[in-house]
Amino acid sequence: MSTTVFADIISRHLDAFKFVTADERALVHRAFELAPSEPLPAEAFAAYLGTAAAAAWEAIRYLPLSEPNRRGYTLTLDELAGGECAPTQRELLVVLGRAADIMEGI
């Protein structure tokens with residue numbers, strides 16, 4: 001699939017989160033673009049930590065997926081990713097889709 005198709009999918013998922021700012025949306029798109037396309041082997045993880053991809057994931061991993069000031073538990077991308085420290089592009093799409101489904105159910 002083309003980058004444009006993925007950008008459209010991500011944007012549609014993010015539409016479920018009306019409270020996410022334009023800057024946060026841009027960070028999510030950047031994290032996707034920089035994410036590895038395949039899972040990292042264990043020996044490559046230490047090198048990953050100093051990369052732009054790792055920094056991009058760190059910038060969005062705790063993005064709240066419920067409205068600010070709403071009572072109750074706040075779900076984050078990190079929790080839906082299962083605490084994954086180096087999610088792949090596919091995993092990020094799946095997590096965003098799950099989050100959007102959750103928000104539609106609320």
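Mentor: A crossing is called left-handed if the near helix is turned anticlockwise from the far one by less than a right angle, and right-handed if clockwise. Helices here are DSSP runs (H or I, at least four residues), numbered from the N terminus. This is a predicted model, in which local features need pLDDT of at least 70 and side-chain atom pairs count only at pLDDT 80 or more, while totals for chains, interfaces and linings use all residues. Residues are numbered from 1 along each chain as its sequence is written, and side-chain values use heavy atoms, with hydrogens and water left out.

Trainee: Which hand does the crossing of α2 and α4 have, and what is the angle between their axes?
Mentor: The crossing in which α2 passes α4 is left-handed. The axes of α2 (residues 22-34) and α4 (residues 52-60) cross at roughly 145° and come within 8 Å; such axes are lines fitted to C-alpha atoms over the stretch in contact, and angles run from 0 to 180 degrees between N-to-C directions.

Trainee: What makes up the contact of α2 with α4?
Mentor: Contact means heavy atoms within 4.5 Å, and on that basis L27, V28, R30, A31 and L34 in α2 meet A52, A53, A56, W57, A59 and I60 in α4. These residues divide into ten nonpolar, no polar and one charged, where Ala, Val, Leu, Ile, Met, Phe, Trp, Tyr, Cys and Pro count as nonpolar, Asp, Glu, Lys and Arg as charged, and the others, Gly among them, as polar.

Trainee: Why does F17 count as buried?
Mentor: Buried means under 20% relative accessible area, exposed over 50%, and partly exposed in between, with a 1.4 Å probe and protein chains only. F17 has 1% relative accessibility, so F17 counts as buried.

Trainee: Why is D78 called buried, and what does D78 touch?
Mentor: D78, which lies in helix α5 (residues 77-80), has a relative accessible area of 10% and is therefore buried. Leaving aside neighbours within four places in sequence, D78 is in contact with W57, R61, Y62, G83 and E84.

Trainee: Why is A7 described as partly exposed?
Mentor: A7, found in helix α1, has 26% relative accessibility, so A7 counts as partly exposed. The C-alpha atoms of A7 and E33 are separated by 9.2 Å, although these residues are 26 residues apart along the chain.

Key:
Helices (H or I, at least four residues) and strands (E, at least two) are DSSP runs, numbered from the N terminus.
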